[in-house]
Amino acid sequence: MHIPDGYLSPSTCAVMYGGALPFWTFAARRLRQSVGSRLVPLLSVFAAFSFVVMMFNLPLPGGTTGHAVGMGIGAIVLGPWAAMLAISIALLIQALFFGDGGITAYGANCFNMAIVGSLVSYGIYRAFAGHSPLTAPRRVFAAGCAGYVAINVSALLAAIEFGIQPLLFHDAAGAPLYAPYPLRIAIPAMLVGHLTFAGIAELIISAGVVAWLQRAEPALLARSAPNAVVTLGKATASGRESLRRLWVALAALMILTPLGLLAAGTAWGEWSAKQFQDPANRRAIAAASFQTEVPSRAPAGLEKLSTLWTAPFPAYAPPFLKSASLGYILSAVLGTGLIIAACLGFGWGARLLAARF
Amino acid sequence: MFDLNEVSFRYPDAAALCGVTLSIAARQRIALLGANGSGKSTLLRLLDGLAFAESGTITFNGKCLTSAQFEEEAFAFDFRRRVALVFQNPDVQLFNPTVFDELAFAPLQLRWPNDEIRARIADLLQTMGLAHLAERAPHRLSEGEKKRVALASVMITQPDVLLLDEPTASLDPRSRNFMIEYLLDCRGRRTVITATHDLHILEEIADYCFVLHEGRLVAAGAPNELLADEKLLRETGLVHAHRHRHEGGVVHSHPHDHHSPSGAHRHS
Amino acid sequence: MSSRSFLERSLASFVAIIEQAIVAEEFARRDGFLQKLDPRVKLGGFLALIFVSVATHNLAIVAATFFLATALAFFSEISLSALALRAWLPVALFTGVIAMPALFLTPGPALIRAPMITANGLRAATFLIGRAETAATCALILVLSTKWPHLLHALRALRLPRAVIVVLGMTQRYIFFLLRAAQDLFAARRSRIIAPLDGRTRRHLAAANAGVLISRSLDLSGEVYAAMQARGFRGEIHTLEALRMRPNDWLALTLFLAVAVTLFWVGGH
C-alpha cells in the first residue's frame, strides 16, 4: 500500500499533497492547544512507535504473515490528530531510508494511511465502543473492526488513485504513463489483499493491543473514550469472547465475498493473482534481504472479485474508458461515498445492536 | 539557595514526598540518599522546576517555584541557565541527532548568539575529552560516553546548581572515576545535589547528606556520621542486613556493589 | 520452527537492517563528488531529477535520468552493488510483479501474438518500472551520500517547519530505543517459553509486546519532555543553521537544475 514514485502522475501527487496539507496543519493546531509544548516529544516517540509496529511481522491464520500499519491502535490511544501526524512522520522515515513509498507519492501515502486511516479507525472505534466501560469486551471488538475497516478504506483510496491514472494520463497511442490499470482492475486487486491478509494483521494488532491494555493499563484507553462508563478494576478474561465475535464477523465477510464471485464470471485471473501478492508482501519484497514468508498465490476464485465491482457501475464498460473522464471520476467519487455510507450504516447498525445488549 | 518547607507531592497512584523540610546553601555539595522509590528523584524534579509541590513551598533564592513563576520568561530562562539536571537515563536526556547538537540545545533555547554557542561547544568538547565524538549520534555511544555527553549537555550553560540523578549507576570503573573526579572538581564552585544509593562514592561527592525513606526526610548529617549509623542504613534499605557477615569483618553491601572498583569499601 | 520465535527473528534482522540503513555512514564518509556538496544542493538536485523522471512523457529521458544518477553514484564512491541491493532489485521485484500484467492487459495493437503482448502494454510497463527505479535510485543516492544530521538541516531549506525537523531527528533516534526494547521483550518472553509457539500464541505475544511498547512510548515521551524542559525548552524550536553554500555548491546546484530543466525540455510533450 506504500505507493512508490512513478505510479501516480505529478498532478495527482500535487493534489494529494494539497489534500493532506490542511489535515496536517489542522491536526498540529489542535494538538498545540491540547498538549502544548509536549507536542514535539510526543509525536517523535509515537512516530518511532508506529515505525516499530510496522516492523512487526504477524503470523496470520493459514501460515502466512502480514504487517500492520498501526493506524487503529494509534488513533485509539492518542486520538486521530496525533496519530495522523505520528504516522506521517513514520512514513517519511520509511520513504527516506527504505524507499518504502515514494517521495512524490508521500502526500498520497499520508493521505491514505495516516490521515484517512486514523480518522476512519477513530470514528469506527468510537461508534462501535459507544459508552461501554474501558474494560468492556466490546471495545476489543470495536478496535478490531476499526483497524480492519480503516486499512481497507486506505487501500480503496490507493486503488482509486491508481485507477484514475490510465484514463487521465496516457500518450497519443493510448499507452498509460503511470499506474496502468483502470479502476475496475485496481480496486479489486488492492482490496483482495487487504480484505484478507493486511486487514487481518491490522485487526489482530488493534484488537490485541486494546485487549492487552484493558488488562494492563486501561488508563491509556481513556483518551478515546470520553463517555465511557467509569468502572474500577481491570478486565477479567473478557477479551477472548469478543475476539471470537470478531472472527465470526470476519468469516461472514469472507463467505459473502466468494458468493458475489460466483454470481458473475469474467476472467481477469492472470494479473489479479499476481498483483494480489503485492499489498500483503510489500515489505517482504521491499526488504528483499530478510525473511519472506508470503502468500505464494491468490486463493482460487478470488481473482474474479473484480466482477463484483463492475456490477454496480455499468458505466465502467471499456468504451467509456476512451471517452469522458469526468464520468469516471464521478464513479470513483461515488464509490468512495458508498464505502463511507456503508461504514456509517454499519456503525449505526452496531450501535442499535449494542443498545439491545 | 534552596529552601523547602513542608513539601509534599503525589503521583496519581502513590505519594512520592511527604512534608519534606530542608535547606541547601550555595556551593554546598549535597547527597540525597535513599533506596529506590524513596522519593529522591521526585525531589530532584521539584528542585529543577519540572514538577511543582502540591503543598508546602520550595524557594530558589527567595523566589517560590510554581508553575506560574515559570510562565514568566525572564525567570524561566535565568533559572534554566543556573540550574541543571542530569537525568539518570541518558537515553531520555540525549535526544538530538549528534553530540554537537546535543550541546547546542540548551544555549539555543536560551537564545544565545550562534557564534558564542559554537565557541563554547568547541571549548567544552575539548575540556571534557569529547571532541572526537562531536559528529557522532549520541545513542550510538557507550554508556560511559553517553553519561559524559549528558553531563556536558548541561554544563554548557555553566550552571550554578548541578542536580544529578544516580550519576554513577551502570558505569564501568573508568567512567565512574571520571564522574567522581568531575564532581570533586566542582567543590567550592557550584552547588551539587546528587541523588544516589551508592554509598561508596558518598564521601567524595558530598559534604552533607539527607536521607529519604518512603517520601519522608528521616535523617541528615555529614557522610561519615551517616555511614557509621548502621541501623539507619538498614532501616532505609541502603544496605541489606542479611548480607553483612563477611570473613574478616563487616562489609556493607548494597545493590551496586558489583559496580564498585575493588577496594572501594572504604567506609567499613 | 526454531525456538526463536519468528517475530523475534524478523525484528532482530530488522534491527540490523535499520541500523545499516539509517546509521551506517559508510558512503557518506567517503571523499566523493556528492559528499563534498552542501546537502541542500543534493536535496534540491535529486528532487529535481526525481521530478523529471516522474513528470516526463519520454522513456529516453527516464533512462537518461537513471544513468545520470548512477554515474553520480559511481563518481561518489557509492558502490553499484549497494544500489542494486537496496534499490534496483527490490523495485524490480515489487514493481515488476505489478507491471507484468500490464503487458497483456493494456488494450492496443499486438506486438507478440502467442501470449498477446501489446505495444502499449510494453510501454506502460516500462514506464512504471523505469520511473520507479529511477526515483528510488535518486532517493537512495541522496540518503547514502549524506549524513543524517546534514540531511535534516537540508530539509529546513524546503521551508519545513523547524518542529518537523526536530521531530524527524528525534523519531529516528527513538526508533532505535524502541526497537531494542521490542527485541528485549521478545527475548525475555522466549526465555520463559520452551515449546514452539503456535500462531495464536505468537499473535498474542505480538499484541502484548505492542501494548508494552505503547505504554513505554508514552512514558518515554513524558520523560523526554521533562529533559527538554530542563534545558530551557518552552515549545519554540531553535536550531543552529550550520550550513554555508560555497561557490562550488552554487555551481553544482546550477548544473543540477540546468540538467533537470534540459532533460524535461528535451523530453517534450
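Reply: First, the naming: helices (H or I, at least four residues) and strands (E, at least two) are DSSP runs, numbered from the N terminus. Residue numbers start at 1 along each chain as its sequence is written, while chains are lettered from A and ligands numbered from 1 in the order in which they are written. This is a predicted model, so local features need pLDDT of at least 70 and side-chain atom pairs count only at pLDDT 80 or more, though totals for chains, interfaces and linings use all residues; side-chain values use heavy atoms, with hydrogens and water left out.

My pick is the largest pocket, which has a volume of about 1,000 Å³. Of its 34 lining residues, A:W24, A:Y106, C:L160, C:P161 and C:V164 are the closest to its centre. (A pocket is an open set of points on a 1 Å grid over the protein atoms alone, where a 1.4 Å probe fits, with protein on both sides within 12 Å along at least five of seven lines; lining residues have an atom within 4 Å of a point. The volume is the space filled by probe spheres set on the points.)

Who builds this lining? From chain A, α1 (10–35), α2 (39–55) and α4 (80–98) each supply at least two residues, and from chain C so do α2 (39–55), α5 (119–145) and α7 (162–192). The largest share, 8 residues, comes from α1(A). In chain C, at least three lining residues come from each of domain 1 (1–23 + 160–238) and domain 2 (26–146 + 243–267), with bounds from an automatic or database domain assignment.

Of its 269 residues, 55% count as buried, where buried means under 20% relative accessible area, exposed over 50%, and partly exposed in between (1.4 Å probe, protein chains only).

Helix α8 (residues 199–230) of chain C has 32 residues and reaches 46 Å from its first C-alpha to its last, close to the 46 Å expected; the expected span is 1.5 Å times one less than the number of residues. α8(C) is mostly covered, with 23 of its 32 residues buried, and after this helix comes C:G232, whose phi is positive, near 95°.

Buried in α9(C) are C:D249, C:A252, C:L253, C:F256, C:A260, C:L263 and C:G267. Seen down the helix axis, the buried residues of α9(C) fall within an arc of 100°, so they line one face; the arc is that of the directions from the axis to the C-beta atoms.

Back in chain A, A:L31 lies in helix α1, and at 6% relative accessibility A:L31 is buried. A:L31 and A:A201 are 170 residues apart along the chain, with their C-alpha atoms separated by 29 Å. A:A189, in helix α8 (residues 183–216) of chain A, is buried at 1%.

On to chain B. B:C18 lies in strand β2 and is partly exposed at 27%. C-alpha to C-alpha, B:C18 is 10.0 Å from B:E54, a residue 36 places away in sequence. Helix α1 (residues 40–47) of chain B has 7 of its 8 residues buried, among them B:K40 and B:R45. B:G49, which follows α1(B), has a positive phi near 70°.

Most residues other than glycine have a negative phi. B:R27, in the loop between β2 (15–24) and β3 (29–33) of chain B, has a positive phi of about 60°. B:E214, in the loop between β9 (208–213) and β10 (216–221), likewise has a positive phi, near 50°, and at 63% relative accessibility B:E214 counts as exposed.
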